[in-house]
Amino acid sequence: MNTCGPEVFGADPARVKWNIVRGDTSPLRVEFLQDDEVTYFDTSDWTYEATSYDTQSDFLDSLEITPGVGYVDIMAPASLTANWGTGFKSVVTELTFDLQVTIDSDTVWTPLIGTISVIGDITGSL
């Protein structure tokens, strides 16, 4: 029996809005905390995958993953975000993204889904 996963945290994924300025490096940390909201769950055997999806261009981009003890860092590197959206308006595009966790051979779980709002850069475009 798993000591953490969808049966403990809940099957409904958390929903997040992630604001990223086009051309910037942007990190997002997801923590897996016990009921005391201080102690991390043991996630050392988990594997992660995070992907963004642009519905306008039909592109999937793999986001960088760095697992820690009880958390995972998702990174959208500048080399990737530089290609998201066009123009100089406030929001140049919106993408969907998710985080998928493989806990063991029988348990795959998506604890996080969301929207990436890409804010237009001006300085980096000059």
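Buried means under 20% relative accessible area. The model discussed here is predicted.

Q: Is W109 buried or exposed, and what is its relative accessible area?
A: Residues count as buried under 20% relative accessible area. W109 falls below that cut-off and is therefore buried, its relative accessible area being 6%.

Q: Which residue forms a tilted aromatic pair with W109?
A: The structure holds 6 aromatic pairs. In the tilted one with W109, the ring centres are 6.1 Å apart and the planes are at 55°. This pair links distant parts of the chain, since its members are 77 residues apart, one in the loop between β2 and β3 and the other in strand β8. The partner is buried, with a relative accessible area of 3%, and is F32.

Q: What type of aromatic pair do W46 and W109 form?
A: W46 lies in the loop between β2 and β3 and W109 in strand β8, 63 residues apart. Both residues are buried. Their ring centres are 6.2 Å apart with 90° between the planes. Planes over 60 degrees apart count as edge-to-face, so the pair of W46 and W109 is edge-to-face.

Q: Which residues do ring pairs link into a cluster?
A: W109 pairs with F32 and also with W46. Y48 belongs to the cluster too. Its members are F32, W46, Y48 and W109.

Q: Which strands stand at the edges of the open sheet?
A: The sheet has 5 strands in the order β1-β8-β7-β3-β4, with mixed pairing. Its twist averages 25° from one strand to the next. An edge strand has a single partner, so one of its sides is left without a neighbour in the sheet. The edge strands are β1 and β4.

Q: What is the bridge partner of T51 in β4?
A: β3 and β4 pair in the antiparallel sense over 4 bridges. T51 has its partner in β4, a strand that spans 59-62. That partner is S62.

Q: Over the ring of which residue does the charged end of R29 sit?
A: A charge counts as over a ring within 6 Å of the ring centre and within 35 degrees of the ring normal. The charged end of R29 is 3.8 Å from the centre of the ring it sits over. That ring belongs to Y71.

Key
Residues are numbered from 1 along each chain as its sequence is written. This is a predicted model: local features need pLDDT of at least 70, side-chain atom pairs count only at pLDDT 80 or more; totals for chains, interfaces and linings use all residues. Side-chain values use heavy atoms; hydrogens and water are left out. Rings of Phe, Tyr and Trp (its six-membered ring) pair if their centres lie within 6.5 Å; planes under 30 degrees apart count as stacked, over 60 as edge-to-face and the rest as tilted. Helices (H or I, at least four residues) and strands (E, at least two) are DSSP runs, numbered from the N terminus. Buried means under 20% relative accessible area, exposed over 50%, partly exposed in between (1.4 Å probe, protein chains only). Two strands pair if DSSP finds at least two bridges between them. Axes are lines fitted to C-alpha atoms, for helices over the stretch in contact, and angles run from 0 to 180 degrees between N-to-C directions.
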